[in-house]
Amino acid sequence: MASLLSLPICGILVTIACYMVGLAIGKRIPTPLTSPMVTANALIILVVVFTPLTLEQYQAGGNMISMFVGPVTVILALRIYSQRARLKENIIPILGGCIAGSSVSLLSVWMLCRLFGIDRVIALSIMPKSVTVAIAIELSRRGGGFAGLAVSAVIVTGITSSSFMPFFIKIFRLKDPVAAGVAMGCSGHAIGTAAAIELGETQGAISGLSMSIMAIVTSIIYLFLF
């Protein structure tokens with residue numbers, strides 16, 4: 001049994017099964033808290049904790065899935081290219097939104113950490129929460145933070161954004177697809193962009209571009225100020 005559980009295919013199948021269950025639950029109970037990403041992560045944790053499958057055995061397959069994050073993110077460029085006309089028309093609002101979003105994201109975390117007396121190292125680790133994992137890891141290392149904590153902050157931020165942003169877009173009646181795309185790209189990076197694609201072609205393209213601009217702006221502000 002230990003040999004079977006150690007096979008990479010085991011972790012891959014567990015991930016797919018948990019995500020399929022998450023999709024089914026999300027369709028039956030469509031709320032932000034039943035997002036497939038939230039449900040799948042919770043189920044995977046339960047599987048690792050309450051079954052013979054250990055974290056190391058799961059990661060043998062889970063890490064293989066993580067390898068595709070980079071290529072899948074690059075594929076978003078196709079959606080951006082397909083919406084290039086609209087991007088040119090709205091480039092100034094998009095840039096302004098990304099700069100504002102990056103500044104608010106970094107400074108709000110920094111101020112809250114100072115307010116509650118959280119250690120500087122922890123603050124520097126979780127500040128780059130609204131960019132992709134690879135960039136967050138590098139920024140946290142350069143700032144003297146913990147890479148693992150940075151990854152956790154990025155994942156929690158992405159799942160929260162993808163779960164609640166569509167709900168807020170409906171509540172506040174945000175009908176402009178460009179504004180919706182910028183909001184999801186700035187707040188939820190790649191995971192938020194995946195949710196934006198479900199809202200529409202324009203939202204997905206704008207979110208992908210905003211995610212890229214957000215990474216650049218956040219890196220500049222983070223390294224310059226902190």
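**Figure 1. His 189, a buried residue of helix H11 in the predicted model.** In this predicted model, His 189 has a relative accessible area of 3% and therefore counts as buried, the cut-off being under 20%. His 189 lies in helix H11, the helix that covers residues 177-199. The backbone at His 189 has a positive phi of about 45 degrees, although the residue is not a glycine.

**Figure 2. Arg 173, in the loop between helix H10 and helix H11.** Arg 173 is placed in the loop that runs between helix H10 (147-171) and helix H11 (177-199). Arg 173 is not a glycine, yet its phi is positive, at about 55 degrees. With a relative accessibility of 69%, Arg 173 counts as exposed, because the cut-off for that class is over 50%.

Figure 3. A search of the whole structure finds 1 salt bridge, and Arg 142 forms it with Glu 138, the closest N and O atoms being 3.2 Å apart.

Figure 4. When residues up to four places away in sequence are not counted, Ala 40 touches Cys 18 and Tyr 19. Ala 17 is 23 residues from Ala 40 in sequence, and the two C-alpha atoms are 8.5 Å apart in space.

Figure 5. Gln 203 lies in helix H12, which covers residues 201-225. Its relative accessible area is 15%, so Gln 203 is classed as buried. Leaving aside neighbours within four places in sequence, Gln 203 is in contact with Pro 177, Ala 180, Gly 181 and Ala 196.

**Figure 6. The whole protein, as context for the close-up views.** The protein has 12 helices and 0 strands, so from the N terminus on, every element in the run α-α-α-α-α-α-α-α-α-α-α-α is a helix. Along its principal axes, the C-alpha trace spans about 60 × 40 × 30 Å. The radius of gyration is 18 Å, which agrees with the value near 17 Å that a compact globule of 226 residues would have. Of these 226 residues, 40% are buried, and among contacts with a separation of 6 or more, 65% are accounted for by residues 24 or more positions apart. The accessible surface comes to about 12,600 Å², and 73% of it belongs to carbon and sulfur atoms. There are 14 positive and 7 negative side chains in the protein, and the centres of these two sets lie 5 Å apart.

Conventions: Residues numbered from 1 in each chain as written. Predicted model: local features only at pLDDT ≥ 70, side-chain atom pairs only at ≥ 80, totals over all residues. Heavy atoms only, no water. Salt bridge = Lys/Arg side-chain N within 4 Å of Asp/Glu carboxyl O. Helix = DSSP H or I, 4+ residues; strand = E, 2+ residues; numbered from the N terminus. Rg over C-alpha atoms; globule rule 2.2 N^0.38 Å. Buried < 20%, exposed > 50% of the residue type's maximum accessible area, 1.4 Å probe, protein only. Contact = heavy atoms within 4.5 Å. Areas by Shrake-Rupley, 256 points an atom, 1.4 Å probe, with all protein chains shown as cover. Lys, Arg positive; Asp, Glu negative; His and termini not counted. Charge placed at Lys NZ, Arg CZ, Asp CG, Glu CD.
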